[in-house]
Amino acid sequence: REELERLRSKGLTPLPKFNFSSAHSAWLGKYGYMVGTQTYYDVCRDLIEEVCDIFDGPEYFHIGMEEEDASSQKNKPIAIVRAPHIMMRDINYLADICKAKGARACIWLNSEMIESFGGEESFCKNISKDIVMTPYYYRWVRPYYTEDEIPKTVKLMKKGTSGVYKTYTTEKSKLNLTHTLF
């Protein structure tokens, strides 16, 4: 709590971030292998609630959730990938816990994730509108994208000034998106 106060005294707003994606779950220890069990859900709930208390009710809580697919985990000895309907349920479940503690959940978002949920229409229909989504793509991999090649997640955003956690609401999807370009 002292470190949080020190940061706040310097004009910074610290935000908690735990990545609950199975691709980034090493920090959860044995619980990272229990995705889909009641024990896993209880641990996630307890962590979010405790951290929200430590942060004195943060406005946002980033829950990660990106890269949970086989290709992102190809070098791991065990790959855990939730079925799309389970992943959507879990994202919304974690977001509801954040909301109950007064925080808006944030997730990373890319075009592969949208496709895994059956495309943009299905994704927009099923994801909680309370979640702030941070689309990303790695432009240094190929910095000369043409308009047609820019990933769908970036096309979902309104044109605007870049800046992490600057929120836009798209006219088409009515989703809350932040503009993050690496």
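The sulfur of Cys 106 lies 8.4 Å from the closest cysteine sulfur, in Cys 98, which is too far for a bond. A disulfide is counted where two cysteine sulfur atoms are within 2.5 Å. Such a link is a covalent bond between the sulfur atoms of two cysteines. The structure is a predicted model, in which local features need pLDDT of at least 70, side-chain atom pairs count only at pLDDT 80 or more, and totals for chains, interfaces and linings use all residues. Residues are numbered from 1 along each chain as its sequence is written, and side-chain values use heavy atoms, with hydrogens and water left out.

The structure holds zero disulfides. Cys 52 is in none, and the nearest cysteine sulfur, that of Cys 98, is 5.6 Å away. Burial is judged by relative accessible area: under 20% is buried, over 50% is exposed, and values in between are partly exposed (1.4 Å probe, protein chains only). Cys 52 has 1% relative accessibility and so counts as buried. Cys 106 also counts as buried, at 1% relative accessibility.

The overall fold comes next. The secondary structure comes to six helices and five strands. These elements are DSSP runs, numbered from the N terminus: helices are H or I with at least four residues, and strands are E with at least two. Along the sequence the pattern reads α-α-β-α-β-α-α-β-α-β-β. The protein has 182 residues, and buried residues make up 43% of them. Contact means heavy atoms within 4.5 Å. Of the contacts with a separation of 6 or more, 69% are between residues 24 or more positions apart.

Helix α3 covers residues 84–100. The expected span of a helix is 1.5 Å times one less than its number of residues. For the 17 residues of α3 this gives 24 Å, and the end C-alpha atoms are 24 Å apart, so the two values agree. Buried residues of α3 include Met 87, Met 88, Asp 90, Ile 91 and Asn 92. Leu 94, Ala 95, Ile 97 and Cys 98 are buried in α3 as well. Their cover includes the helices α2 (38–54), α4 (111–116) and α5 (120–126). The strands β1 (60–62) and β2 (104–109) also belong to this cover. Asn 92 of helix α3 is buried, with a relative accessible area of 16%. Not counting residues up to four places away in sequence, Asn 92 touches Asn 126, Ile 127, Ser 128 and Ile 131. Just after α3, Gly 102 takes a positive phi of about 90 degrees.

Aromatic rings were examined across the whole structure. The search finds seven aromatic pairs. Rings of Phe, Tyr and Trp (its six-membered ring) pair if their centres lie within 6.5 Å; planes under 30 degrees apart count as stacked, over 60 as edge-to-face and the rest as tilted. Phe 18 and Trp 27 have ring centres 4.7 Å apart and planes at 35 degrees, so this pair is tilted. Phe 18 is partly exposed, at 22% relative accessibility. Trp 27 is partly exposed too, at 37% relative accessibility. The rings of Phe 20 and Trp 27 have centres 5.5 Å apart and planes at 70 degrees, so this pair is edge-to-face. Phe 20 counts as buried, at 1% relative accessibility. Ring pairs link Phe 18, Phe 20, Trp 27 and Phe 61 into a cluster.

Two further residues show links across the chain. Leu 4 sits in helix α1 (residues 2–9) and is buried, with a relative accessible area of 9%. The C-alpha atoms of Leu 4 and Phe 55 are separated by 7.3 Å, although the two are 51 residues apart along the chain. Beyond residues up to four places away in sequence, Leu 4 touches Pro 14, Ile 54 and Phe 55. Ile 80 lies in the loop between β1 and α3. Ile 80 and Val 35 are 45 residues apart in sequence, yet 8.0 Å apart from C-alpha to C-alpha. Leaving aside neighbours within four places in sequence, Ile 80 contacts Ser 22, Gly 32, Tyr 33, Val 35, Glu 68 and Gln 73.
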